[in-house]
Amino acid sequence: MKAIIFDSSTLISFSMNGMFEELRKLKKMFDGKFLITLEVKGEIIDKPVTIKKYELEALMLNQLLEEKVLEMPDSVGVDNKQISIKTREISNIANNIFIANGKPMTLISDGETSCLALSNILNDKKITNVIAVDERTTRLLCEDPIALKKLFQKRFHTGINYKKENQKFLGNFKFIRSAELVYVINQKELTSLKDPRTLDAMIWAVRFKGCYISDDEIREIVSLGRKH
Amino acid sequence: MQEKGNILRILTEAKTAIKGNDTFKLKELSNQTIHTASIAQDPDNIAIAVIIYSLSKIIERGYDGTKNKCSKLCKDVIFSMNGIIEGIKEKNDVKLRNSMESLRKKLFKVSSKMKAYIQDVFTKASINKASKIYEHGISIEQTAKLLGITMFELAGYAGQKGELSEERFGEKTNVKARLKLAMEMFA
């Protein structure tokens with residue numbers, strides 16, 4: 001059993017680009033589950049469905065849930081209570097790593113933290129998993145907190161204290177972005193577009209909808225994609 | 001409310017800027033507030049940043065072209081700002097919150113034609129301030145939560161920030177390793 005845990009940011013990138021069919025095809029060839037937590041469901045379906053501007057995206061994402069392209073954690077035997085407890089635990093760690101002006105900085109919210117919590121629970125159950133996160137802070141916090149510290153120092157013009165002892169726990173997560181999923185879509189020929197510029201176009205599209213990726217990274221991914 | 005000293009200064013300078021129709025100064029003050037608010041994440045600081053930015057836009061437009069309305073609204077806004085300043089100085093949180101609420105209400109107490117415009121200005125101001133907080137390194141979801149907007153609204157804005165994407169933070173996991181991880185999941 002394998003699982004990809006989707007954060008709101010990645011599903012928002014896909015939905016705002018109308019790439020629902022690509023997600024369906026990805027799931028069809030995936031030997032595992034695409035999971036979302038209750039908190040992520042709130043961000044991508046329950047809240048936007050009440051706002052006319054985003055109602056359609058929310059309904060289409062809800063359709064993916066009804067078709068079981070996206071599934072809730074109970075499909076792998078994890079209940080929401082377990083996730084809530086772990087979310088609180090991780091939130092206490094993650095939001096106390098950096099101290100600015102003597103106060104801990106609240107960096108990530110419940111949706112993002114719940115993805116980390118679910119990944120942690122799946123790791124304990126020996127279920128191979130990655131988290132698909134497009135936004136920058138959650139990924140940097142786990143993969144490269146020193147880079148995040150540099151970003152804070154640059155932006156806040158103040159000393160930032162970093163509690164290294166809180167970091168150990170956060171180093172065990174694996175992340176991909178919509179950019180990498182788009183690469184898989186391209187390599188597995190899951191898009192109906194046949195133009196050689198498709199990969200480039202899809203990566204730029206997800207970047208413009210919130211995927212944190214540099215120009216250099218885009219160039220590298222596109223060049224690697226073309227080799228196949 | 002946190003960072004009260006800073007807010008006192010911001011409001012005092014904002015009053016002068018409003019009297020002088022100095023919209024550039026108002027925007028600058030709003031950005032200063034959001035800089036402080038990104039660390040403290042205090043909702044009152046964020047609300048003041050949004051209000052000041054919205055005011056700059058409303059003044060820029062000249063309200064609906066009627067100078068009288070402008071001066072009436074300016075006076076009302078300054079009256080409420082004085083209430084906030086007194087509330088902070090007297091350490092009277094009730095007065096402070098009532099004055100904040102009164103300031104918000106005064107901005108919306110305009111003609112129905114203007115109401116939609118001001119609502120739009122407030123939404124855009126919230127997204128603008130959210131993007132500033134996001135630039136400071138706070139996550140998209142946390143930022144959206146602070147400003148009371150959806151992640152959908154912020155996602156489009158965050159993606160268009162070229163400056164952020166030019167910086168290569170997070171070098172530890174390189175492109176090839178992340179692609180390999182993704183391809184392996186689908187093997």
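Tutor: Two strands pair if DSSP finds at least two bridges between them. The model here is predicted.

Student: What makes strand S3 and S6(A) a pair, and in which sense?

Tutor: Strand S3, residues 98-100 of chain A, and S6(A) share three bridges. The cut-off is at least two bridges, so they count as paired. Their sense is antiparallel, and within this pairing Ile99(A) stands opposite Asn161(A) of S6(A).

Student: Why is one side of strand S4 and of strand S6 of chain A left without a neighbour in the sheet?

Tutor: The order of the three strands is S4-S3-S6 in chain A, in an open sheet with antiparallel pairing. S4 (103-104) and S6 (160-162) stand at the edges with a single partner strand each, so one side of each has no neighbour in the sheet. Helix H8 of chain A, residues 145-156, packs on this sheet and touches S3 and S6 of chain A. The direction of H8 makes about 165° with that of S6(A).

Student: What makes S5 and S7(A) a pair?

Tutor: Strand S5 (residues 128-132) of chain A and S7(A) have two bridges, in the parallel sense. At least two are needed, so the pair qualifies. Ile131(A) stands opposite Phe175(A) in S7(A).

Student: Where do strand S2 and strand S7 of chain A stand in their sheet?

Tutor: The sheet is open, with four strands in the order S2-S1-S5-S7 of chain A and parallel pairing. S2 (33-35) and S7 (175-176) are at the edges; each has a single partner strand, so one side of each lacks a neighbour in the sheet.

Student: Which residues of helix H2 of chain A are buried, and how do you know that they are on the same side?

Tutor: In H2, residues 20-28 of chain A, the buried residues include Glu22(A), Leu23(A) and Leu26(A). They cover an arc of only 100° around the axis, so they lie on the same side of H2(A). Glu21(A) and Lys28(A), on the other side of H2(A), are exposed. The cover over the buried residues includes helix H1 (8-16), helix H4 (55-66) and helix H9 (178-187) of chain A.

Student: How many residues does the contact take from chain B and from chain A?

Tutor: The contact takes 36 residues from chain B and 61 residues from chain A. On the side of chain B that touches chain A, H10(B) gives the most, with seven residues. By class, that side of chain B has 16 nonpolar, twelve polar and eight charged residues.

Definitions and conventions. Residues are numbered from 1 along each chain as its sequence is written. Chains are lettered from A and ligands numbered from 1 in the order in which they are written. This is a predicted model: local features need pLDDT of at least 70, side-chain atom pairs count only at pLDDT 80 or more; totals for chains, interfaces and linings use all residues. Two residues are in contact if their C-beta atoms, placed from the backbone, lie within 7 Å. Axes are lines fitted to C-alpha atoms, for helices over the stretch in contact, and angles run from 0 to 180 degrees between N-to-C directions. Ala, Val, Leu, Ile, Met, Phe, Trp, Tyr, Cys and Pro count as nonpolar, Asp, Glu, Lys and Arg as charged, and the others, Gly among them, as polar. A residue is buried if 20 or more other C-beta atoms lie within 10 Å of its own, exposed if 12 or fewer, and partly exposed in between; C-beta atoms are placed from the backbone. The arc is that of the directions from the helix axis to the C-beta atoms.
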